[in-house]
There are 2 protein chains.
Amino acid sequence: MGLVKIDLGDRAYDILIAERVDLARFLANSNVCTRVAVVVTNVVVAKLHLSRALDSLRSSFQEVYVVELPDGEAHKTWNSLNQIFTALLKWECDRKTVMFALGGGVIGDLTGFAAATFMRGVPFVQLPTTLLAQVDSSVGGKTAINHPLGKNMIGAFYQPRLVVCDLSTLETLPVRELRAGLAEVIKYGPIADIGFMEWLEGSVDKVLAKDSSALAHVVQRSCEIKAWVVSHDEKETGLRAILNFGHTFGHAIEAGMGYGVWLHGEGVAAGMVMAAELSRRLGLVDAAFVERLTALIARAGLPTKGPVLDPADNAGRYLELMRIDKKSEGGEIRFVLIDGPGKAVVRAAPDALVREVIDACCD
Amino acid sequence: MGLVKIDLGDRAYDILIAERVDLARFLANSNVCTRVAVVVTNVVVAKLHLSRALDSLRSSFQEVYVVELPDGEAHKTWNSLNQIFTALLKWECDRKTVMFALGGGVIGDLTGFAAATFMRGVPFVQLPTTLLAQVDSSVGGKTAINHPLGKNMIGAFYQPRLVVCDLSTLETLPVRELRAGLAEVIKYGPIADIGFMEWLEGSVDKVLAKDSSALAHVVQRSCEIKAWVVSHDEKETGLRAILNFGHTFGHAIEAGMGYGVWLHGEGVAAGMVMAAELSRRLGLVDAAFVERLTALIARAGLPTKGPVLDPADNAGRYLELMRIDKKSEGGEIRFVLIDGPGKAVVRAAPDALVREVIDACCD
């Protein structure tokens with residue numbers, strides 16, 4: 001079993017990485033009240049993984065309730081959140097109720113934000129069932145819902161008490177979702193650990209074949225890098241922004257296409273190529289590195305080109321969407337760029353250059 | 001000018017208490033970005049105090065925007081919150097935008113929660129214009145909105161960067177609102193400072209006549225007591241709950257009558273009598289103290305009896321509403337009781353005894 005510790009003082013917690021984890025065993029040590037548990041999940045995940053989670057939780061908690069939401073990014077909204085709040089209040093849940101997010105990034109972000117704000121905060125546990133959630137979104141305490149005018153615009157920094165990455169849940173993960181999760185894995189190499197990128201170049205086929213030791217390494221190393229970054233900058237005042245490599249372009253793609261049409265990881269994949277190309281045009285990396293990253297993304301079965309969002313003025317539409325990104329300041333878009341392989345910087349770039357990159361990287 | 005410091009480490013801030021404060025002077029020292037300010041207020045407060053606030057803010061900030069909401073507790077909802085988010089996104093506000101809450105408790109709670117969750121947190125400043133907000137709700141970082149099933153059920157602990165209590169705004173405060181604010185002032189004596197209660201007994205008429213030095217003392221001493229409590233227990237894991245003296249019954253009154261029918265302070269006033277009476281029946285205080293507190297509440301022009309919420313089973317209705325209070329645990333209602341004048345305890349009480357108190361204290 002793998003273990004990664006997130007070092008955040010009185011908000012420190014563990015990430016457990018294993019197959020067929022028995023939750024009851026770890027909850028005993030996690031210092032939460034075992035009276036009431038509420039599992040939030042979606043209809044697709046519920047069919048696959050809910051009964052095993054419930055078996056485990058029912059042996060630990062006096063009462064266990066379930067909120068089942070529809071599947072998909074389109075439901076990461078106030079409506080779903082309010083559905084959770086109404087259920088919690090009807091069940092007379094109190095401040096010691098423990099919430100469990102059983103699902104992918106949407107369920108984790110939504111449940112985390114519900115836990116952050118229900119009665120001003122109740123404990124919660126992440127049970128990520130997708131690769132994307134296990135390597136990225138369940139770790140680090142970013143919680144949010146979408147607003148019609150922007151993704152993840154409403155949220156909170158709120159840390160879970162425990163994250164349990166059960167690798168066996170990945171067995172049922174559709175290949176498109178596995179690939180989308182790989183985008184966030186690929187991300188860690190260029191920004192922080194070029195050795196990990198090399199390992200991935202040699203192992204991407206094993207990962208796509210769901211080889212269990214390859215998956216275990218992918219999740220473990222990704223969580224270690226994320227844990228290191230988050231423990232140095234929990235609230236994204238500086239360093240943490242590097243985790244958004246590919247995300248500025250990627251969020252524009254997701255929003256521009258309508259949430260859910262491109263998966264988050266797909267937008268990030270094309271976005272990483274665009275951000276790498278922008279880095280090259282600013283003289284920060286060479287063409288060989290951009291080609292190498294593009295090749296890895298292609299081998300993972302992910303898009304290396306962005307979609308055309310507006311045939312009349314495609315670059316203009318991207319710029320408009322990127323200006324409301326959370327990393328913008330005073331209308332100036334802040335890009336995460338690669339400053340030599342394995343190192344990221346956050347900075348602005350001239351609009352004209354960004355337009356060139358968009359024109360070159362979309363079709 | 002009065003100054004109270006809230007000692008919360010890297011979230012420490014000042015409360016300024018003065019007449020006709022020039023905001024620009026203090027913002028210069030508050031270490032916020034002075035590019036964009038957004039003032040959230042309501043239509044009633046806007047007519048009275050907005051132009052002066054804007055004069056001051058326009059001399060400090062490059063851009064100043066205003067969100068004007070309808071007046072009243074009925075608007076402390078997700079709808080109002082979303083109206084703020086939509087405005088912020090349309091104006092392309094970023095993480096350095098500073099929000100200002102100009103108004104009473106509703107505006108402060110709502111704006112604070114918007115600031116806590118917009119892009120996972122932007123800085124905000126409280127500009128309380130009611131006695132209740134100046135002595136209580138603007139201080140300490142509790143922010144929230146109401147849910148149809150319970151008051152303040154959705155919220156966050158999120159501290160402002162600065163609180164400015166401009167006593168001159170109280171000149172236009174309707175007398176009913178002034179009295180409601182006094183309920184929260186009266187509260188501080190029984191739970192923490194019996195000397196302050198004695199002073200109030202001698203000065204309540206001056207306060208009701210808006211004598212400026214009496215008001216200055218009321219605000220200063222209330223903030224000092226609240227600051228002391230909050231700095232020892234920011235997130236209400238223990239001590240801070242004593243600030244809810246009268247609120248368990250009071251919230252039931254507000255919810256049971258429909259939000260906005262009884263003002264918060266009016267519910268708290270009747271609730272304090274009920275909590276004091278419960279304390280007496282549990283042998284914690286004598287009848288003389290209950291009479292003394294009841295007399296002070298009456299002299300402040302506040303209700304000393306609760307309303308009948310359900311003629312068929314009034315006590316049952318109170319109990320039902322109190323069970324979803326945030327202080328409940330496992331369905332057990334936690335009451336803030338007076339354990340001798342000037343000292344509070346938080347504990348449960350037998351339902352039968354609570355029923356007796358409700359029967360005795362409602363008409």
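Here are some worked exercises on the predicted model shown above.

Local features are described where pLDDT is at least 70 and side-chain atom pairs at pLDDT 80 or more, while totals for chains, interfaces and linings use all residues. Residues are numbered from 1 along each chain as its sequence is written, chains are lettered from A and ligands numbered from 1 in the order in which they are written, and side-chain values use heavy atoms, without hydrogens and water.

**Exercise 1. Chain A as a whole**

Work out what the radius of gyration says about chain A.

Step 1: Start with the elements. Chain A has 13 helices and eleven strands; these are DSSP runs, with H or I over at least four residues for helices and E over at least two for strands, numbered from the N terminus.

Step 2: Apply the globule rule, which is 2.2 Å times the number of residues to the power 0.38, with the radius taken over C-alpha atoms. For 363 residues a compact globule would come out near 21 Å, and chain A has 20 Å, which agrees.

Step 3: The C-alpha trace spans about 60 × 40 × 35 Å along its principal axes. Buried residues (under 20% relative accessible area with a 1.4 Å probe, protein chains only; exposed is over 50%, partly exposed in between) make up 62% of chain A.

Step 4: Look at sequence distance. Of the contacts (heavy atoms within 4.5 Å) between residues at least 6 apart in sequence, 75% join residues at least 24 apart.

**Exercise 2. A helix pair in chain A**

Describe how α7(A) and α8(A) meet.

Step 1: Take the axes, which are lines fitted to C-alpha atoms over the stretch in contact, with angles from 0 to 180 degrees between N-to-C directions. Those of α7 (residues 194-208) and α8 (residues 212-232) come within 10 Å and cross at roughly 145 degrees.

Step 2: List the partners. α7(A) brings A:F196, A:W199, A:L200, A:K206 and A:V207, and the α8(A) side includes A:L215, A:V218, A:R221 and A:I225.

Step 3: Sort them by class. The contact has eight nonpolar, two polar and two charged residues, where Ala, Val, Leu, Ile, Met, Phe, Trp, Tyr, Cys and Pro count as nonpolar, Asp, Glu, Lys and Arg as charged, and the others, Gly among them, as polar.

**Exercise 3. Helices and a leucine in chain B**

Step 1: Check burial. In α4(B), 13 of 13 residues are buried; in α6(B) 13 of 18 are, so α6(B) is largely enclosed by the rest of the structure.

Step 2: Beyond its neighbours within four places, B:L81 contacts B:L110, B:F113, B:A114 and B:I145. The C-alpha atoms of B:L81 and B:L110 are separated by 6.7 Å, though 29 residues apart along the chain.

**Exercise 4. Loop residues**

Find the backbone feature of A:R120.

Step 1: A:R120 sits in the loop between α4 and β6 of chain A.

Step 2: Its phi is positive, near 65 degrees, in a residue other than glycine.

Step 3: A:R120 is buried, at 7% relative accessible area.
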